[in-house]
Amino acid sequence: MNKIAFITDSSSGIGLHEYSDVYVVPMGTRINNKDYTDMVDISSQEFFELLKQYENGATTFQPTPQSFIDTYQKVIDDGYTHVIAIHATSALTGACEQSKSVSRDFDIESTIIDSMTGDYPLRRMVEEGIKAKNNNESYQAIIDKVNDLQNASTLIFYPKNLNQVKNSGRLSRSKALIAGILNIQIIIEFQKGKIVLADKLRTKKKAFNYLINKLKDEITRDNPSKVGVSYTGEHETADSIINFLNEKFPNKIIEKNPFINVGAVHTGYGTVAIGWINV
């Protein structure tokens with residue numbers, strides 16, 4: 001009988017010991033000239049406080065190959081026979097390729113999936129895999145289900161530090177630079193695993209209203225059962241969005257979580273991210 005484990009990375013927001021069958025490889029951040037490993041050296045709240053003071057110049061780093069080696073070995077030592085690894089988009093991080101490379105060195109059936117997203121939608125993809133496993137679906141059926149979710153996820157950001165967006169290279173430097181010079185607010189989103197500009201607006205009020213209308217239209221279209229709202233230290237904007245979603249979509253589960261550290265570095269203190277998958 002197959003015993004299936006899931007591997008992901010900390011850009012999913014899943015805790016190191018949150019699920020018994022899920023193994024999380026931590027990513028890392030460098031802030032104020034000091035390195036921190038996600039969920040090992042620092043909590044989200046501690047990280048946000050540092051980010052508030054030292055966000056300009058903060059960077060991220062990938063999990064080490066050794067951390068993947070240790071994770072795959074732990075999976076085998078714990079008696080698992082099959083692995084499904086679901087990682088953050090390969091367009092922005094090398095975690096997926098590292099996982100794929102390391103998996104070849106171990107005698108265990110492994111499938112590596114590029115989620116083409118991160119944060120809450122990545123979490124939900126892993127959770128749907130766990131749900132299918134708990135329903136005794138086959139290894140291949142679980143893989144097929146998760147693969148189907150690659151193009152069925154949405155992740156929208158309202159970033160607060162355009163310098164970090166520009167420096168990270170996650171958005172073209174010219175667009176971010178122009179927005180910064182003109183004090184324009186921007187909304188960005190994932191499309192096919194890459195971050196693109198959704199719109200730019202002249203005031204915070206217009207940006208917030210645009211975001212609310214975009215959420216209303218796209219959640220109505222996709223009809224997800226759950227929506228995640230992620231905050232980066234500051235709660236006011238996230239809570240306003242949650243209040244709107246609870247009023248507009250009373251039958252949906254709205255979950256509030258801290259934004260992933262690696263994402264916060266590239267978008268700044270106060271950033272809000274909203275995401276879901278179409279299930």
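Student: Which residues in helix 8 meet which residues in helix 9?

Tutor: F208, L211, I212, L215, K216 and I219 of helix 8 meet T237, S240, I241, F244, L245 and K248 of helix 9. Contact here means heavy atoms within 4.5 Å of each other. A word on the source: this is a predicted model, in which local features need pLDDT of at least 70 and side-chain atom pairs count only at pLDDT 80 or more, while totals for chains, interfaces and linings use all residues. Residues are numbered from 1 along each chain as its sequence is written, and side-chain values use heavy atoms, with hydrogens and water left out.

Student: At what angle do helix 8 and helix 9 pack, and how far apart are their axes?

Tutor: Helix 8 (residues 204–222) and helix 9 (residues 236–248) pack at about 35°, with axes 11 Å apart. The axes are lines fitted to C-alpha atoms, for helices over the stretch in contact, and angles run from 0 to 180 degrees between N-to-C directions. Helix 8 passes helix 9 in a right-handed crossing. That name applies if the near helix is turned clockwise from the far one by less than a right angle, and left-handed is the name if the turn is anticlockwise.

Student: Why are helix 4 and helix 5 called roughly antiparallel?

Tutor: Helix 4 (residues 119–134) and helix 5 (residues 139–148) pack at about 155°, with their axes 9 Å apart. Angles over 145 degrees count as roughly antiparallel, under 35 as roughly parallel, 65 to 115 as roughly perpendicular and the rest as oblique. The pair is therefore roughly antiparallel. The contact is made by M125, E128, G129, A132 and K133 of helix 4 with I142, K145 and V146 of helix 5.

Student: What makes the buried residues of helix 5 line one face?

Tutor: Those residues are Y139, I142, I143 and V146. Seen down the axis of helix 5, they fall within an arc of 100°, so they line one face of the helix. The arc is that of the directions from the helix axis to the C-beta atoms. The buried residues pack against strand 1, strand 6, strand 7 and helix 4.

Student: And which residues are buried in helix 3?

Tutor: In helix 3 (residues 95–103) they are A95, C96, Q98, S99, V102 and S103. Their arc is 165°, so they too line one face of their helix. What covers them includes strand 1 (4–9), helix 2 (65–77), strand 6 (82–87) and strand 7 (109–114).

Student: Why is T60 called partly exposed?

Tutor: T60 has a relative accessible area of 25%. Buried means under 20%, exposed over 50%, and partly exposed in between (1.4 Å probe, protein chains only). T60 is therefore partly exposed. T60 lies in strand 5, and, leaving aside neighbours within four places in sequence, T60 is in contact with G28, T29, V262, V265 and H266.

Student: What makes strand 4 and strand 5 edge strands?

Tutor: Their open sheet has 3 strands in the order 4-3-5, with antiparallel pairing. Strand 4 (34–37) and strand 5 (59–61) each have a single partner strand, so one side of each is left without a neighbour in the sheet. Two strands pair if DSSP finds at least two bridges between them. Strand 3 (residues 28–31) and strand 4 have 4 bridges, and G28 has T37 as its bridge partner in strand 4.

Student: How do you know that strand 13 is largely enclosed by the rest of the structure?

Tutor: 6 of the 6 residues of strand 13 (residues 272–277) are buried, so the strand is largely enclosed. V272, I274 and W276 point one way, A273, G275 and I277 the other, and all are buried. Strand 8 (residues 153–158) pairs with strand 13 in the antiparallel sense over 6 bridges, and Y158 has V272 as its partner. Strand 11 (residues 226–231) also runs antiparallel to strand 13, joined by 4 bridges.

Student: How many residues of strand 1 are buried?

Tutor: 6 of its 6 residues are buried. I4, F6 and T8 lie on one side and A5, I7 and D9 on the other. Strand 1 runs parallel to strand 6, with 4 bridges between them, and A5 stands opposite V83. All the helices and strands named here are DSSP runs, numbered from the N terminus: H or I with at least four residues for helices, E with at least two for strands.
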